[in-house]
Amino acid sequence: MRLPRSSGILLHPTSLPGKFGIGDLGSEAYRFADFLADAGQKLWQMLPLGPTGFGDSPYQCFSAFAGNPLLISLEKIAEQGYLAKEELDELPSFPEHEVAYAWVHPYKRAKLKKAFQAFQTFGNTEDRLAFDSFCSANSWWLDDYALFMTLKEEFGEEEVWTSWDEGAARRNPDALRNYGQVLKDEIGLRKYWQFVFFSQLNELKRYCHRYGIRIVGDLPIYIAHDSADVWSHPELFQLDASGNPLVVSGVPPDYFSATGQLWGNPIYSWDELGKTGYQWWIQRLRAALTIFDVVRLDHFRGYEAYWEVQAGQPTAENGRWVKGPGGTLFEATLKSLGDVPAIAENLGVITPEVEALRERFGFPGMSVLQFAFGSDAQSASFRPHNYCRNLVAYTGTHDNDTTVGWWNGEGRTDSTRSDLEVRKEIAFARRYLGTDGREINWVFIRALLASVADVVLVPFQDVLGMGHEARMNLPASPTGNWRWRFTSEMLTPDVGPRLRDLTMAYDR
């Protein structure tokens with residue numbers, strides 16, 4: 001599926017401003033949608049929105065289907081009457097510029113529990129019917145997820161499901177039935193949070209559509225081991241008799257890390273998935289397409305061949321490439337779902353086989369301008385004069401430093417490039433772009449908007465001209481990521497019109 005010539009902004013909703021310690025789906029999200037519309041942007045890339053676990057990363061979630069309750073707007077719940085508005089005036093001293101997860105978690109959970117109690121007590125008929133309908137339509141994943149999260153709290157939130165008592169860990173039907181009765185209210189609480197999350201997200205999506213803005217989501221290729229999905233479908237993953245991974249995911253040494261990236265997710269049993277016609281995977285993609293207009297297929301090269309590391313290895317260096325499902329997965333998917341509006345994240349060690357798979361199904365690939373000026377053999381393909389039209393071009397992604405941070409070398413921590421290589425890279429970028437480095441973020445943005453690439457997506461940090469302090473994620477670094485937030489005063493009055501002028505000049 002070809003995407004129309006357009007441009008947009010990459011911003012995870014946690015990065016939105018607001019007084020509740022974390023960005024959410026409330027008023028600031030609507031203000032950001034207004035900004036996008038005024039600036040002539042047609043896409044908002046949100047990345048994954050699942051309930052985060054280890055490292056607060058949305059690529060390590062407790063569910064492939066659920067939403068993150070931390071993104072629920074408390075103000076919108078108060079508008080419904082299930083929280084007292086004055087109660088929301090009593091706030092901890094949340095930092096403005098980052099998400100302090102250790103404070104946000106207990107605060108929002110306490111408020112969301114109160115909202116559920118109020119809903120149980122005096123919820124109106126319309127809301128109750130909508131809730132019941134949601135639970136019924138989504139029972140195929142919601143029941144397992146709500147029970148899983150309740151059991152995590154019961155046995156200790158830091159404990160992986162393999163350490164639970166045998167009846168719960170092994171999903172003994174009698175044990176699950178008993179837990180379901182005893183913990184009925186807690187399970188209902190988790191279902192209510194999902195109902196509210198998806199209600200708010202769909203309302204925001206409808207608002208964006210009114211202004212011609214489409215939502216770009218993300219489908220992480222792997223699932224966290226400590227998740228409702230692995231617990232409820234262990235047969236779909238390569239696990240030992242105790243439920244622990246036999247092999248785990250990652251990538252070999254790369255641009256970001258000399259020892260590779262050891263992600264640690266369990267690897268799928270693709271043969272077992274294939275026996276069912278990839279039904280679980282099709283359900284997952286169908287669910288994503290109900291809330292997103294376009295889906296980015298994370299780590300696309302892993303569908304052709306993936307890097308497999310024996311569980312217990314300290315780094316990802318000692319792994320091997322193993323063939324993935326390839327075209328059989330996408331044939332089954334397209335047969336069931338029809339044309340899928342998807343972007344293939346074809347970054348990393350890309351082979352002709354990977355590109356042949358992408359081109360076979362017509363998925364646009366990605367290009368990252370920050371990768372265009374090094375000595376890697378693939379660098380030339382990231383230079384705008386080599387772009388094709390069926391392409392999504394980025395200044396950088398959530399895994400890169402900001403463009404200003406990259407240019408200044410403020411936070412360079414990778415050990416894969418020498419100082420001489422970095423200096424050569426910047427010197428080439430200076431010559432190629434014809435710049436002295438002033439407003440390098442806008443130089444990058446203009447270069448992409450002027451290109452033939454059908455779609456351009458720019459991290460909001462680059463629109464704001466932020467430095468390394470605004471970096472969202474450092475691959476191979478397990479903690480301290482996904483914290484950056486912007487504040488309203490950063491969005492000065494000149495930013496929107498400037499972006500709109502460039503967007504209109506290049507017919508986007």
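Q: Axes are lines fitted to C-alpha atoms, for helices over the stretch in contact, with angles from 0 to 180 degrees between N-to-C directions. At what angle do the axes of helix H1 and helix H19 cross?

A: The axes of helix H1 (residues 27-38) and helix H19 (residues 495-505) cross at roughly 40° and come within 8 Å. Helices (H or I, at least four residues) and strands (E, at least two) are DSSP runs numbered from the N terminus. This is a predicted model, in which local features need pLDDT of at least 70 and side-chain atom pairs pLDDT 80 or more, while totals for chains, interfaces and linings use all residues. Residues are numbered from 1 along each chain as its sequence is written, and side-chain values use heavy atoms, without hydrogens and water.

Q: Turning to the sheets, in what order do the eight strands lie?

A: The eight strands form an open sheet with parallel pairing, in the order E9-E6-E3-E2-E1-E12-E11-E10; two strands pair if DSSP finds at least two bridges between them. Its edge strands are E9 (342-344) and E10 (365-368), each pairing on one side only. Neighbouring strands of this sheet are turned by 25° against each other on average, direction ignored.

Q: How many bridges are there between E6 and E9?

A: Strand E6 (residues 294-297) pairs with E9 over three bridges, in the parallel sense. Leu297 has Ala344 of E9 as its bridge partner.

Q: Which strands does helix H17 lie across?

A: Helix H17 (residues 440-449) lies across strand E1 (6-10), strand E11 (391-394) and strand E12 (455-459). H17 runs at about 165° to E12.

Q: And the sheet of four strands: what is its order?

A: The order is E5-E4-E7-E8 in an open sheet with antiparallel pairing. Strand E5 (261-266) and strand E8 (319-323) are at the edges with a single partner strand each, so one side of each has no neighbour in the sheet.

Q: How many bridges join E7 to E8?

A: Five bridges join strand E7 (residues 305-310) to E8, and the two run antiparallel. Ala305 has Lys323 in E8 as its bridge partner.

Q: Moving to the second largest pocket, which residues are closest to its centre?

A: Ala64, Phe65, Ala66, Phe198 and Ile291 are the closest to its centre, out of 36 lining residues. On a 1 Å grid over the protein atoms alone, a pocket is an open set of points where a 1.4 Å probe fits, with protein on both sides within 12 Å along at least five of seven lines; lining residues have an atom within 4 Å of a point.

Q: Which element gives the most to the lining of that pocket?

A: H11 does, with seven residues. Helix H4 (125-137), helix H5 (139-155), helix H8 (184-210), strand E3 (214-219) and helix H11 (279-291) each supply at least two residues of that lining. The lining of the second largest pocket divides into 24 nonpolar, nine polar and three charged residues.

Definitions and conventions. Contact = heavy atoms within 4.5 Å. Nonpolar A, V, L, I, M, F, W, Y, C, P; charged D, E, K, R; others polar.
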